[in-house]
Amino acid sequence: MSEKSEPSNRLSVFKTYKLYVGGKFPRSESGRVYEVIGSRKSDGHGHGTWLANAPLASRKDARDAVVAARKAVPGWSGATAYNRGQVLYRVAEMLEGRREQFAREVADAEGLSKAKAAALVDAAVDRWVWYAGWTDKIAQVVGGANPVAGPYFNLSTPEPTGVVAVLAPQDSSLLGLVSVLAPVIATGNTAVVVVAERSPLPALSLGEVLATSDVPAGVVNLLSGRTAELATPLAAHQDINGIDLTGAGPELATALESAAADNLKRVRRPSPAEDWTADPGTGRLTAWLETKTVWHPMGV
């Protein structure tokens, strides 16, 4: 005689989302959080559903993230391009292993069906793999031997810019995030990322993937909160070498670009209606590279 299964009275265990800074998971320095509300589902239901409390990062958190990113620059930029490719590929493996979790979070964040959300997660994994393959090839595209009129070799080689602040796109919580983050670290830079303000949860879960992969601490730092509040000190920070304004509106982008000019940061302005599913090309890879040119006498 089979036993009847008793109804379960256990409560759901809600996930606690945290920042990802310097390889650790701190709460916001201020202790603040903000509510993350789900988007309307494709069937018309779910609008206004509470998903979680996300940490509301402060300016102090942003400064701590810059310190962690700067500390990680020598080791990450000094690693071989082949090694960076291996590390990025490992991230893709870890993402693939948590595919169902990310599909659920993307569906809630963007108001998509499970099938559409899963397709976006697959595209994000594929994009990581794509950028992993470019790490040891981009130098052949932007570097080379230059013709000169004299008995010299003139060689150009790309080098990382350094610390790059990234404002993640607001309309694509995972695929868009991967599309702006992966090329920054693939080329040897470190990143301080302000994740999508309204849909931060997939990005914060990505921090867990990075922490359990081979990405060194400080190479990627993820901050959730008010985009304008965090972007303003980052744009003016003297120890940041570049800023990607993808997630900023036109008015905010203009103000941030002016602040970035103080120490001649490299700036990538947002493109209107960017299609994150399209072939990304190499533009974001070359955006965060400096070119070093050396002269060397020919042997006789």
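Buried here means under 20% relative accessible area, exposed means over 50%, and partly exposed covers what lies in between (1.4 Å probe, protein chains only). The views below show a predicted model, in which local features need pLDDT of at least 70, side-chain atom pairs count only at pLDDT 80 or more, and totals for chains, interfaces and linings use all residues. Residues are numbered from 1 along each chain as its sequence is written, and side-chain values use heavy atoms, with hydrogens and water left out.

View A. Helices are DSSP runs of H or I with at least four residues, strands are runs of E with at least two, and both are numbered from the N terminus. H6 covers residues 175-186. Its 12 residues reach 16 Å from first C-alpha to last, close to the 16 Å expected at 1.5 Å a residue (the expected span being 1.5 Å times one less than the number of residues). Because 12 of the 12 residues of H6 are buried, the helix is largely enclosed by the rest of the structure. Among them you can pick out Leu175, Val178, Leu181, Pro183 and Ile185. Just after H6, look for Gly188, which takes a positive phi of about 95°.

View B. Rolling a probe the size of a water molecule over the atoms shows where empty space is left. A pocket is an open set of points on a 1 Å grid over the protein atoms alone, where a 1.4 Å probe fits, with protein on both sides within 12 Å along at least five of seven lines; lining residues have an atom within 4 Å of a point. The largest pocket holds about 280 Å³ of space, where grid points are joined across faces, edges and corners and the volume is the space filled by probe spheres set on the points. Its lining has 13 residues, and the closest to the centre are Lys15, Tyr17, Leu51, Arg104 and Glu105. Strand S2 (50-55) and helix H3 (99-110) are the elements that give two or more residues to this lining. H3 provides the largest share, four residues.

View C. Ser205 sits in helix H7 (residues 201-211). With a relative accessibility of 0%, Ser205 counts as buried. Contact means heavy atoms within 4.5 Å. Not counting residues up to four places away in sequence, Ser205 touches Lys15, Tyr17, Gln101, Phe102 and Glu105.

**View D. Ala103 in helix H3.** Ala103 belongs to H3 and counts as buried at 12% relative accessibility. Leaving aside neighbours within four places in sequence, Ala103 is in contact with Ala117, Ala118 and Val121.

**View E. Aromatic pairs.** Rings of Phe, Tyr and Trp (its six-membered ring) pair if their centres lie within 6.5 Å; planes under 30 degrees apart count as stacked, over 60 as edge-to-face and the rest as tilted. The count comes to five aromatic pairs. The rings of Trp130 and Tyr131 have centres 5.0 Å apart and planes at 85°, so this pair is edge-to-face. Trp130 is partly exposed at 30% relative accessibility, whereas Tyr131 is buried at 0%. Tyr152 and Trp295 also form an edge-to-face pair, 5.9 Å centre to centre with 80° between the planes. This pair links distant parts of the chain, with Tyr152 in strand S4 (residues 152-160) and Trp295 in strand S10 (residues 289-297), 143 residues apart.
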